Every structure is written in structure tokens, then in C-alpha cells.
Amino acid sequence: MHDIHERLRSAGASTVCAVLDMLGVAGTITGLPAIRPGASFAGPAFTVQASTGPLGTYDPGDFDIARYADHAGAGQVIAIDAGGARVSVAGGIAALASARRGVAAWVVDGGMRDVDELGEAGIPIHVRHGVAVTGRTRVRIERVNGPIVIDGVAVEPKDVLVGDASGIACVPAQRLDRVAAMAGWVAGRDRIAGRLVREGLSFSRAFKEATAEYAALHGPLEN
Amino acid sequence: MHDIHERLRSAGASTVCAVLDMLGVAGTITGLPAIRPGASFAGPAFTVQASTGPLGTYDPGDFDIARYADHAGAGQVIAIDAGGARVSVAGGIAALASARRGVAAWVVDGGMRDVDELGEAGIPIHVRHGVAVTGRTRVRIERVNGPIVIDGVAVEPKDVLVGDASGIACVPAQRLDRVAAMAGWVAGRDRIAGRLVREGLSFSRAFKEATAEYAALHGPLEN
Amino acid sequence: MHDIHERLRSAGASTVCAVLDMLGVAGTITGLPAIRPGASFAGPAFTVQASTGPLGTYDPGDFDIARYADHAGAGQVIAIDAGGARVSVAGGIAALASARRGVAAWVVDGGMRDVDELGEAGIPIHVRHGVAVTGRTRVRIERVNGPIVIDGVAVEPKDVLVGDASGIACVPAQRLDRVAAMAGWVAGRDRIAGRLVREGLSFSRAFKEATAEYAALHGPLEN
């Protein structure tokens, strides 16, 4: 994994979202739980725009899963904007095929089917709905690698998505270095605070001392 | 388990829903997660119609859990239409009593209480709400083994409910053989596709080859 | 743990809610799932009233987590009314600091961040939203240990909160003895009913016999 992605993943979505707040960037995605909790990821978005409608709205060929399952590549995060619809944009075999290409994760504002099998892919899969409603004639893939919107947050191709059980942060590609540096600072300070709390300090004392200690070593947080 | 039920259970809810789509049958139930994930089931519905209201709406005797917990039988799925209300229609002891009669699963468009104990019954339990709101004087059992509606899907007694982590499919009793045959075809083809993806083929290549291979052995999918 | 709290915890939220029903007390809280299922708790509320708004609504100093993480004490349940907002009122380190003080649980009608780390605190944490939306400049702590409302239920300081996977019951401080006595009766009767069902009795027979057996030993349920 790219070092800057690893630093963001290690800082965690909550810390990255706090940093985006400091910079005035709207990048906090909520409402897409992980199919299996416990995993985390960071990687550039391979974006997918999907339209959805009732059964029979589109031709079967409009639902071309291969455009993402077979084309997103190593380290990328497949990010699908299906407008939050309760319909599946892919299932177990597509997830498995993508994982074999080295895809880092899926982030779907819509649904996925074969929930029992999605874990077999071995990568984090965050989806608004785990549903058996199949996408054939209900979904049309409009475009890949254009701008999309996930849970109200604008996502451009190559923006970096950072996810864990708390949610998902979208870091704009142009802000990557700055956000990673700040997130590293905050995460480092918080690790010290956690240690001090375990040693018996109160929450407020621990944060005060951790901030002083970390700033003495690394300078103050700059934004 | 009846062989045709086992074939539907093994195919899985996502595949059965896809087959119902092909036949133009509206049978996909969503929004009722399993209390404990990982299990799957298929069996004919023992249907229950319940009315609900605020505390004090009904007489205590109107909430007659025994009408389903003690009467649904081996292999059946207790399916309760409580209109999606956030109120419990049964708890841990009722679930256990039904499991001892051989009931296959519960599907409840409403609530169940004693969530910590429901797992002890050892059968899949899909419920819209796990809640401590008890049904006494809030629930009246109106009718068993009449037509009901679960999450907008019409369910008749003896329709076969097929469920897993992706959701629940309702297969009309008159379509059972056709749906099971088609679901077996699709599931067999998908097993080959999954194997080919694990062997390194792309998603699109795997499906193309799996379809050709399965059709050569078993003939084309007919609907 | 105080003996009366232990009796309520052991009876479980579903049973305590049923008893509150009998007494005409509105005390059933729903919609706040546990971050990690399987635990249960009972203890007096340390109440917190929080206002929330979009980023930049409040001064950073208004979000004073220490007022609860460092002041709630042994056996208490931190209960935060944030109006159900999708914003974090605390994270992993605050939860850990509170647990070291002996806090019994958190009940939050709002959000918490650092979901992956909340389990480390080792206490039950029930929250409407696990989210990465940080509270700084979005949350103002208005008051501690005044009256609050959680999911529509009025909670006063020292009211006893009883929680498990089915939900949370709020027992008014003045009714504590009566509710604990009744909940103990119902839970004792239900334990016998569960045993009889496991021995093969039907649901209705088991409840009839368990009620007679328990009443013979302990007198009838009085309310």
C-alpha cells in the first residue's frame, strides 16, 4: 500500500473526518455499514455512476458489472453511486473477481446481493443495503471514472476514500498530503492520550498532557 | 427437509429473487434482518395477521401467542404481518417452543423481544425490530393461515419462504416446481462461475464460460 | 453492583418494560443498538443534555466531553440526549476514561465515533449512530444531571437504566423497589416456563403451569 494511504488508514476515518472539518472540506460519508465489521482501508476511488428503476426499466445489457469488477485495479476502492436505491449493483462473484485484481474495498450507496458470500472476497465492503433485489433491468451503469455523489458527498476519481467501522472519509486528491500530515499528527497525539488514560489519568488531563508531549516532539498541529 | 425446499434454500434468496424477476412475480422481501446472521431456510408459510396499537388498545387475551407458537408445525415458517410496528409479537420462550415443534424459521414484519435469548431456539429469526416493547394489550392476533402482506409482498399460506442474509423470497405455491428448477440452474451455473473466478478468470469471462459449460450439460435456462 | 440493580439487570430489559407497562409508566427506549452485542447493564443515570448543529455552530470549548467522561462515577450510566443527531458526542478515549471510573454503560441518543475502539472500554455502549462526524463546533454540552429525553422517554438523574440487546428500560427512581420486585417475579416465572418448554410442554401449557408453580411458592404477582 502507498505510504500516504497507509497513514490515512492507520489514522482512521474519525480522525480523517476531524481533519477535513478543520480544513472546511465536506467529506464525511455515513450510513454505509460494513457487511463484516472489523476491517479498514484507504485507496483512490474508481467511481461508478448507476441509474436505477423498477424491474424492466433498462435492458439487461445496461447492467454491465464487468465495467467495474474487471477494470478497477490494485489498491483502488470501487465507489458506486446508485442514489441510495435498495437494489443490488453486484454480488459475491463480482466482489471475488475484484478482490483478485487487488481492489482494496467497495463503497456502495445502494445495495449488494449474496451477502453471505461477500465476506469470502476478503476485502472491506460498505453498502447501504444488503439486499436480494437483483439489478438486472433495474440498474444501468451510466459512467465510470466521472464525478459522483455518495451520501451527499462529492467524490472524484482518485480522491482517496478512508473507511472503518465509524464510516468513510473522502479526501480530495489535491489535499492528500496536507490531510495525511494533519491526520498523522492527531492520531499520534491520540495514541499518547490513550496510553495516559490507561495509566490512570482523566480524559481532560490526558489530552492536555498528550498535546504538550506530542507538540514538543513534532511541533504544533498546523492547518 | 422436502427436496424442493432444500434446492431453494441451497440456491439462496438472491438467486430465487432473480428467478421470480424472470417470471414477473413480485416476491422479494427486504428490511427484515436475521437476529443472528449466518443461517438460511426454506419452508411453507404459516401466516399470522396481527393488529397493533398503543398500550391498552386490546384485551390481554387478544394477544394469543399460542396460536402460532403451538400450532405451526415441522418445516413451516411462521410469517407474521404486524404492519411493521415496533412492538413484540413473541419472545424467547415462544421461539423455543416453536423450534421444538420443528418450525423452520420466523419472518416477522414487526418486532420480537428477548433478543439475547432468541438465538437459543437455534432457528433463523428474521425481524424488522428487535425490541423490548411487549405486545400485551398492544397486539391482537386477528387470523392465522389467511393471506397476509410482508414488506409489501403478498404471502399466502403454503407459499414457500426462502431466506438468508440477503433477504427473503416468497415463492407462490403454484410456481414452486418451476422456480426451483430455474433456481437450481442459475445456482449451478454460478457455482461454476465462482470456481472460474477463483482460478483467475475475469468476471465477464467466467460468466460466459460458465453459462456455456452448464448449458452444454443441462440444456439452456428455460422460463 | 447494588443488589436491586443486579435484580433488574438479570430480569432483562424486556421484562422490566413489561412491568413498567403494568404500572402505566412510559419507560421503553428503542432504536439505540449496542455497539457490541451480548452485554447487559443496570445503573442510575448520569444525564447529559447536548445541543447540536452544523459544523461551526458552537465554540470548540462548548464541546466539553470531560464533564461526563471525567465526572460520571462508579455504577452510573452516562445518558446523553443529543436529540438523535448524527454527530459524535464522544469517542474511544472518553469511553475508556469513563470505564476506568467504573461507569456501567453509555446510552446515547446521538452518535459516537471511533467505533472500532469503543469495545476496548469493556462496557456496554448503546448508540443511535456509530459515526465519524466529530462533535467539535457541532455539539454544545448544555447541562449535566438535569432532566433529559431519550428516544421520547423522560429520564431524570438517578432513574435506573436497564439495557440489553432488546433495548433499554428507564425505571423512575421512586418506583425502583416496586419495579424490581415485580420484575423478579416475572423473570422467576419465565425461567420455570422456559424449563418446561425445554422439557417438551407447549408454550401455553408451560406458562399456565409455571404461573401456578411460581405463585404457590412466592404468592401472586401484585401490582
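This is a short chat about a predicted model, its chain copies and one annotated site.

Trainee: What are the ground rules here?
Mentor: In this predicted model, local features need pLDDT of at least 70, side-chain atom pairs count only at pLDDT 80 or more, and totals for chains, interfaces and linings use all residues. Residues are numbered from 1 along each chain as its sequence is written, chains are lettered from A and ligands numbered from 1 in the order in which they are written, and side-chain values use heavy atoms, without hydrogens and water.

Trainee: Which residues does UniProt list for "binding site"?
Mentor: The unreviewed entry gives G91(A), G92(A), I93(A), A94(A) and R113(A). UniProt positions follow the numbering used here, feature names are shortened, and annotations may be inferred rather than shown by experiment.

Trainee: Why do they gather at one spot?
Mentor: They span 23 residues in sequence, yet no two of their C-alpha atoms are more than 10.3 Å apart.

Trainee: Where is G91(A) found?
Mentor: In the loop between β3 (77–81) and α4 (92–100) of chain A. Helices (H or I, at least four residues) and strands (E, at least two) are DSSP runs, numbered from the N terminus.

Trainee: Is G91(A) buried or exposed?
Mentor: Buried, at 9% relative accessibility. Buried means under 20% relative accessible area, exposed over 50%, partly exposed in between (1.4 Å probe, protein chains only).

Trainee: And what does I93(A) touch?
Mentor: Beyond residues up to four places away in sequence, its contacts include D190(B), F203(B) and F207(B). Contact means heavy atoms within 4.5 Å. I93(A) is in helix α4 of chain A and is buried, at 11%.
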